[in-house]
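Have the viewer open as you read.

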Amino acid sequence: MLGLDRITFDPSIMGGQACIRGMRIPVSLLVNLVVNGKPVEEILEEYPDLEAEDIR
């Protein structure tokens, strides 16, 4: 599936927003951090449940 298997949608999590692997970390948050130049290493420090592949 185009490499988007880490993105999940569940009405019971974050109101059905696109999230990373069923966690309460919205895709929109990660996109915003990356677009604004936050280094992947810093994102991983702030969100230790994430993996680098989640951000890619």
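## Ground rules

This is a predicted model, so local features are taken only at pLDDT of at least 70 and side-chain atom pairs only at pLDDT 80 or more, while totals for chains, interfaces and linings use all residues. Residues are numbered from 1 along each chain as its sequence is written, and side-chain values use heavy atoms, with hydrogens and water left out.

## The chain as a whole

Of the 56 residues, 23% count as buried. Here buried means under 20% relative accessible area, exposed means over 50%, and partly exposed is in between (1.4 Å probe, protein chains only). Among contacts (heavy atoms within 4.5 Å) with a separation of 6 or more, 21% are between residues 24 or more positions apart.

## The largest pocket

The largest pocket has a volume of about 240 Å³. On a 1 Å grid over the protein atoms alone, a pocket is an open set of points where a 1.4 Å probe fits, with protein on both sides within 12 Å along at least five of seven lines; lining residues have an atom within 4 Å of a point. Points are joined across faces, edges and corners, and the volume is the space filled by probe spheres set on them.

Which residues lie nearest the centre of this pocket? They are I7, E53, D54, I55 and R56, out of a lining of 14 residues. Helices α1 (27-35) and α3 (52-55) each supply at least two lining residues, and α1 gives the largest share, with four. By class, the lining holds eight nonpolar, one polar and five charged residues. For that count, Ala, Val, Leu, Ile, Met, Phe, Trp, Tyr, Cys and Pro are nonpolar, Asp, Glu, Lys and Arg are charged, and the others, Gly among them, are polar.

D54 sits in helix α3 and is buried, at 8% relative accessible area. Its side chain makes polar contacts with the side chains of R6 (2.5 Å) and R21 (2.8 Å). A polar contact is a pair of N or O atoms within 3.5 Å; within protein, one must be able to donate a hydrogen and the other to accept it, and residues adjacent in sequence count only if both atoms are side-chain atoms. Beyond neighbours within four places in sequence, D54 is in contact with R6, I20, R21, L30 and D49.

R56 lies in the segment after α3. Is R56 buried or exposed? R56 counts as exposed because its relative accessibility is 71%. The side chain of R56 makes a polar contact with that of E53 (2.7 Å).

Most residues other than glycine have a negative phi. M14, though not a glycine, has a positive phi of about 55°; M14 is in the loop between β1 (7-9) and β2 (18-20) and is partly exposed at 29%. R21 is likewise not a glycine and has a positive phi of about 45°. R21 belongs to the loop between β2 and α1 and is partly exposed at 33%.

M23 is also found in the loop between β2 and α1, but M23 counts as buried, at 18% relative accessibility. Leaving out residues up to four places away in sequence, M23 touches I13, D49 and L50.

L44 is in helix α2 (residues 40-46) and is partly exposed at 25%. Neighbours within four places aside, L44 is in contact with L50, E51, A52 and I55.
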